[in-house]
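I opened the notebook to go through this structure piece by piece. The entries below follow the order in which I looked things up.

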Protein chains: 2
Amino acid sequence: MIRAKKIEEVREQIQKWKAEGLTVGLCPTMGYLHEGHLSLIDASRNDNDRTVATIFVNPMQFGPTEDLAKYPRDFERDCAMLEEEGCDMVFAPEDSEMYAEDFCTFVDMTGVSEGLCGASRPVMFRGVCTVLTKLINIIHPNKMYLGKKDAQQLAVVRRMVRDLDFDLEVVGCPTVREEDGLAKSSRNTYLNEEERIAARKLSRSLRAAQDAIAAGENSSERLKAIITEGLSDEPLFKIDYVEAVDGLTMKPVYKVKDGDLIAIAVWDSTTRLIDNFLVGDPLIEF
Amino acid sequence: MIRAKKIEEVREQIQKWKAEGLTVGLCPTMGYLHEGHLSLIDASRNDNDRTVATIFVNPMQFGPTEDLAKYPRDFERDCAMLEEEGCDMVFAPEDSEMYAEDFCTFVDMTGVSEGLCGASRPVMFRGVCTVLTKLINIIHPNKMYLGKKDAQQLAVVRRMVRDLDFDLEVVGCPTVREEDGLAKSSRNTYLNEEERIAARKLSRSLRAAQDAIAAGENSSERLKAIITEGLSDEPLFKIDYVEAVDGLTMKPVYKVKDGDLIAIAVWDSTTRLIDNFLVGDPLIEF
């Protein structure tokens with residue numbers, strides 16, 4: 001596996017691959033990889049001749065009070081996992097390689113990016129759109145792989161790619177879960193034992209809503225109440241949001257239908273966790 | 001010359017050219033072409049195997065009180081001029097081809113875009129950056145040609161290309177002038193005879209500053225005073241700005257040096273005109 005730290009190294013390698021007529025898949029990550037990330041690599045390897053992972057804890061998408069400094073990092077472990085999974089190149093730039101001191105351009109969005117996580121984390125999607133624009137321009141992937149766990153991010157990036165005419169396909173990959181149902185996340189490492197046990201209530205409350213939909217419920221108010229009930233008996237939790245929205249526009253819906261998104265964000269003590277399902281998705285198992 | 005109205009037509013043609021190993025130059029315009037635009041086409045033809053012009057009066061870069069509706073248009077005349085100049089393809093999309101009804105993404109900038117024209121026309125550079133990002137993503141040019149007459153636009157686009165890692169070279173082409181020194185602009189057609197005569201005072205006042213620099217003056221305050229004096233005896237004029245700034249960052253300078261930008265914007269009755277020179281540029285002739 002090629003390890004690159006400089007934009008120019010990546011450009012040169014990509015140019016060689018493109019000259020050979022090879023297709024390239026991009027899996028952007030912030031590192032501290034888990035099986036969710038590896039499923040992106042796997043999907044990319046199935047679809048493309050070459051797969052590039054990026055590891056970059058993007059400072060632009062963290063707010064001033066957020067967890068940039070303590071975000072978990074282990075580059076050697078990540079590289080071993082990527083190599084084992086058959087990734088062809090990892091691009092792990094320093095901050096200064098991505099953002100010159102006088103960097104002043106950004107890509108942003110209204111609408112799709114504004115509710116849900118965009119409301120609690122106002123700079124996040126600007127950071128995500130800007131860094132992905134850069135990575136797309138450096139790597140020119142044929143396809144880009146993102147996890148469905150970050151459902152609003154997926155919707156935002158799909159919209160950005162459409163609006164700005166980026167010439168690539170965005171592929172959303174299913175959320176990978178722990179055996180007890182908790183969605184895999186690098187931030188799960190922040191949880192102590194008690195918080196980790198509490199965290200199961202996210203997926204369980206979503207599953208209760210899935211069961212209610214299967215039994216005929218389609219009122220978003222009722223479904224949100226079912227989820228809120230499943231979360232609110234946990235003293236460690238502070239609910240950030242429980243929402244039912246259109247899967248493309250992220251606008252609230254009143255009656256849910258297939259393709260709508262039911263999404264939650266919860267502070268589990270000091271760690272913010274998110275989870276979701278699309279109406280019509282397979283049932284969450286635990 | 002190929003005339004394209006749809007993004008997909010352009011993509012297909014560009015793909016064919018790229019597959020043949022041909023290089024592509026892009027000359028983005030808002031149409032109603034003059035010799036300034038044709039000099040871009042000429043420069044692109046010298047540097048590239050194929051040249052694409054775009055004609056799109058971009059609604060996103062006009063403020064609500066600006067001249068979008070009355071901006072001059074003559075597509076057949078423009079096509080005849082482009083064909084005569086040896087342009088290979090013109091892309092002239094409808095608004096709806098560029099901006100879906102639910103379009104919500106934008107590219108914007110702080111700093112470089114904020115003074116000068118950015119102060120008087122706050123949405124302009126957001127519109128310019130967004131539409132050029134789209135055109136670059138559709139056309140994938142090796143080089144893009146812009147006029148130095150729009151000096152801040154050139155600085156903004158250079159910064160955007162650097163910050164977002166677009167893989168192309170931005171080429172600035174010298175301002176083309178009428179015999180009496182007036183910088184060519186599609187908006188010059190708005191001027192009646194009296195206003196057209198007054199308009200000569202823009203280039204003449206800049207030339208007076210150039211002469212002062214040649215004679216050893218380097219105080220930006222003194223140079224701005226010389227220009228303001230040359231403009232303020234014209235009753236039709238309302239000065240928007242007279243500035244001396246760094247040529248890359250657009251930040252005000254106190255002592256001018258080679259590469260700094262002296263830029264002016266003036267309302268000539270109801271028409272806003274801009275002009276500028278870089279310190280070290282050839283003298284403006286009339």
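**Entry 1: contact between the chains**

How many residues does the contact take from chain A and from chain B? I noted 22 residues from chain A and 22 residues from chain B. The model is a predicted one, and I read every entry here with that in mind.

I then looked up which elements of chain A give two or more residues to the side that touches chain B, and found S5, helix H6 (124-139) and helix H7 (151-163). The largest share of that side comes from S5(A), with 5 residues. By class, the side of chain A that touches chain B divides into 11 nonpolar, 5 polar and 6 charged residues.

**Entry 2: strand S5**

I stayed with S5(A), residues 105-109, and asked how it is joined to chain B. 5 bridges link S5(A) to strand S5 of chain B, also residues 105-109, and the two run antiparallel. For one position in this pairing I checked Asp108(A), which stands opposite Phe106(B) in S5(B).

Is S5(A) mostly covered or mostly uncovered? It is mostly covered, as 5 of its 5 residues are buried. I sorted them by face: Thr105(A), Val107(A) and Met109(A) lie on one side, Phe106(A) and Asp108(A) on the other, and both faces are covered.

**Entry 3: domains of chain A**

I looked up the division of chain A and found domain 1 (2-173) and domain 2 (186-278). Their C-alpha centres lie 26 Å apart. In the contact between them, 13 residues of domain 1 of chain A meet 15 residues of domain 2 of chain A.

Which elements give two or more residues to the side of domain 1 that touches domain 2 in chain A? I noted helix H5 (116-120) and H7 of chain A. H7(A) had already come up in Entry 1, on the side of chain A that touches chain B. The domain 1 side of the domain contact divides into 8 nonpolar and 5 polar residues, with no charged ones.

**Entry 4: helices H2 and H3 of chain A**

Within chain A I next took helix H2 (residues 35-47) and helix H3 (residues 75-85). They pack at an angle of about 35 degrees, with their axes 10 Å apart. The crossing of H2(A) past H3(A) is right-handed.

For the residues that meet, I listed Leu38(A), Ile41(A) and Asp42(A) from H2(A), and Met81(A), Leu82(A) and Glu85(A) from H3(A). By class this contact has 4 nonpolar, no polar and 2 charged residues.

**Entry 5: the sheet S8-S9-S10 of chain A**

I found an open sheet of 3 strands in chain A, in the order S8-S9-S10, with antiparallel pairing. Why is one side of S8 and of S10 left without a neighbour in the sheet? Strand S8 (237-245) and strand S10 (271-278) of chain A stand at the edges and have a single partner strand each, so one side of each has no neighbour there. On average, neighbouring strands of this sheet are turned by 10 degrees against each other, direction ignored.

Strand S9 (residues 261-268) of chain A pairs with S10(A) over 8 bridges in the antiparallel sense. Ile264(A) stands opposite Asp275(A) in S10(A).

I then looked for helices against these strands. Helix H9 (residues 200-214) of chain A lies across S9 and S10 of chain A and runs at about 25 degrees to S10(A). Helix H10 (residues 220-232) of chain A lies across S8 and S9 of chain A and runs at about 160 degrees to S8(A).

I picked Gln210(B), which lies in helix H9 (residues 200-214) of chain B. Gln210(B) counts as buried because it has 21 C-beta neighbours inside 10 Å, and the cut-off for buried is 20 or more. Leaving aside neighbours within four places in sequence, I found Gln210(B) in contact with Phe277(B), Leu283(B) and Ile284(B). Its C-alpha atom is separated by 8.6 Å from that of Leu223(B), 13 residues apart along the chain.

Is Leu68(B) buried or partly exposed? Leu68(B) counts as partly exposed, because it has 14 C-beta neighbours inside 10 Å. Not counting residues up to four places away in sequence, Leu68(B) touches Val57(B), Pro59(B) and Phe62(B).

Conventions: Residues are numbered from 1 along each chain as its sequence is written. Chains are lettered from A and ligands numbered from 1 in the order in which they are written. This is a predicted model: local features need pLDDT of at least 70, side-chain atom pairs count only at pLDDT 80 or more; totals for chains, interfaces and linings use all residues. A residue is buried if 20 or more other C-beta atoms lie within 10 Å of its own, exposed if 12 or fewer, and partly exposed in between; C-beta atoms are placed from the backbone. Helices (H or I, at least four residues) and strands (E, at least two) are DSSP runs, numbered from the N terminus. Two strands pair if DSSP finds at least two bridges between them. Two residues are in contact if their C-beta atoms, placed from the backbone, lie within 7 Å. Ala, Val, Leu, Ile, Met, Phe, Trp, Tyr, Cys and Pro count as nonpolar, Asp, Glu, Lys and Arg as charged, and the others, Gly among them, as polar. Domain bounds come from an automatic or database domain assignment. Axes are lines fitted to C-alpha atoms, for helices over the stretch in contact, and angles run from 0 to 180 degrees between N-to-C directions. A crossing is left-handed if the near helix is turned anticlockwise from the far one by less than a right angle, and right-handed if clockwise.
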